[in-house]
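Take a look at the structure below.

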Amino acid sequence: VIRCRAAVAWAVGKPLSVEEVEVAPPKAGEVRVKIVATGICRTDDHVLEGGFPGVEFPIIPGHEGAGIVESVGEGVTSVKPGDKVIPLCLPQCGECMFCLNPESNYCLKSHLSEPQNLLPDKTSRFTCKGKQIHHLLWISTFAEYTVIPEYAVAKIDAAAPLDKVCLLGCGFSTGYGAAINTAKVKPGSTCAVFGLGGVGLSVVMGCKVAGASRIIAIDINKDKFAKAKELGATDCISPHDFKKPIQEVLTEMTGHGVDYSFEVIGHADTVTAALASCNMNTGVCVMVGVVASGSVISVDPMLLLSGRTLKGTLLGGWKTRDSIPKLVSSYLEKKFNSDLLITHTLPFAKVNEGFELLRAGKSIRSVLLF
């Protein structure tokens, strides 16, 4: 058993508490990882607020990390102690019908099929003050050491800087992949991106790499516009500057609506606006943001009858264990610069400060270092 620091959420709506926790050794098929760096993602904030489905408290959040394998359980062959790894919030078991389908990146072991609050044997590896603590998505990267099933860990290049590539565990990969894999943005096309947090700006980067000729970035926080333009946005607009609905503004700006729209906020009404802002026949709207559990999206059927597509994406459509190591290699080859998303680097003890920066709209990505 390892004793180490972790940020525990004891109850909904309470700040995280940095505690000493006990982390049990890995069982068969499991890996214990020393987390070196972890990003703060909006989804972690949804967990703390109780808006993320199927989560149980007390819990150690965090799902965008990078670390080094400390030890492995019986039967683990794909990683060994000392390997650099990225924990995967979307597993790839390699055996279910979705993993076996080359066109799918879902896995039946994921949280949407069965909760990942406990490891597959329905027990926790974390205890604190004598109490069992739940895992988040099996990976709980807000702990100095964490235990993860082997099929939720990707071995990456030994040269990768963990304080930078941790973003590839969720935020960057999700946004970039939404444009490249899910929407399949074509060269010369027009895109609209709703929400310019870390994931939305990663969508902007993906649209640019895919050759979009016009990328319209939309946010009510104009402080995000300079960064959006640096990353490839051609236009930046705030819905607050117009008297009419934003979908009408976008339709006027482009003639018949955009070719691709991306909702990266997680609000039911902006999903509808994003759908209405793409062109009526071949327009594709991709839902990237996590809408609060229990929400309902109401859509005029005529929006879809003419041919528009509304689709969602999980982790940008990447088959995680296969693709995340390749993305890390692309990062090392400087095919994209996800470092531009990191605005704050904080010691782990300042985890609550990182969330305050996120909520105040002052950070794109804060990275916590252990």
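## Helix α9 and S323

A helix here is a DSSP run of H or I at least four residues long, and helices are numbered from the N terminus. Helix α9 covers residues 320–332, and S323 lies in it. The model is predicted.

Is S323 buried or exposed? Its relative accessible area is 13%. Buried means under 20%, so S323 counts as buried. S173 is 150 residues apart from S323 along the chain, yet 9.6 Å separates their C-alpha atoms.

## S104 in its loop

Now to the other serine. S104 sits in a loop, between β6 (84–87) and β7 (126–128). The relative accessibility of S104 is 11%, so this residue is buried too.

What does the side chain of S104 reach? It comes to 3.1 Å from the backbone nitrogen of Y106. Setting aside neighbours within four places in sequence, S104 is in contact with F98 and K319.

## The second largest pocket

The second largest pocket holds about 290 Å³ of space. It is lined by 15 residues, and E103, N105, N181, K184 and G317 are the closest to its centre. Two elements, α3 (171–183) and β16 (309–312), each give two or more residues to the lining. By class, eight lining residues are polar, four are charged and three are nonpolar.

Where does this pocket lie? Domain 1 (2–172 + 317–369) gives residues to the lining, and domain 2 (183–312) does as well, so the pocket lies between them.

How values were computed
Residues are numbered from 1 along each chain as its sequence is written. This is a predicted model: local features need pLDDT of at least 70, side-chain atom pairs count only at pLDDT 80 or more; totals for chains, interfaces and linings use all residues. Side-chain values use heavy atoms; hydrogens and water are left out. Buried means under 20% relative accessible area, exposed over 50%, partly exposed in between (1.4 Å probe, protein chains only). A polar contact is a pair of N or O atoms within 3.5 Å; within protein, one must be able to donate a hydrogen and the other to accept it, and residues adjacent in sequence count only if both atoms are side-chain atoms. Contact means heavy atoms within 4.5 Å. On a 1 Å grid over the protein atoms alone, a cavity is a set of points where a 1.4 Å probe fits but cannot get out, and a pocket is an open set with protein on both sides within 12 Å along at least five of seven lines; lining residues have an atom within 4 Å of a point. Grid points are joined across faces, edges and corners, and a volume is the space filled by probe spheres set on the points. Ala, Val, Leu, Ile, Met, Phe, Trp, Tyr, Cys and Pro count as nonpolar, Asp, Glu, Lys and Arg as charged, and the others, Gly among them, as polar. Domain bounds come from an automatic or database domain assignment.
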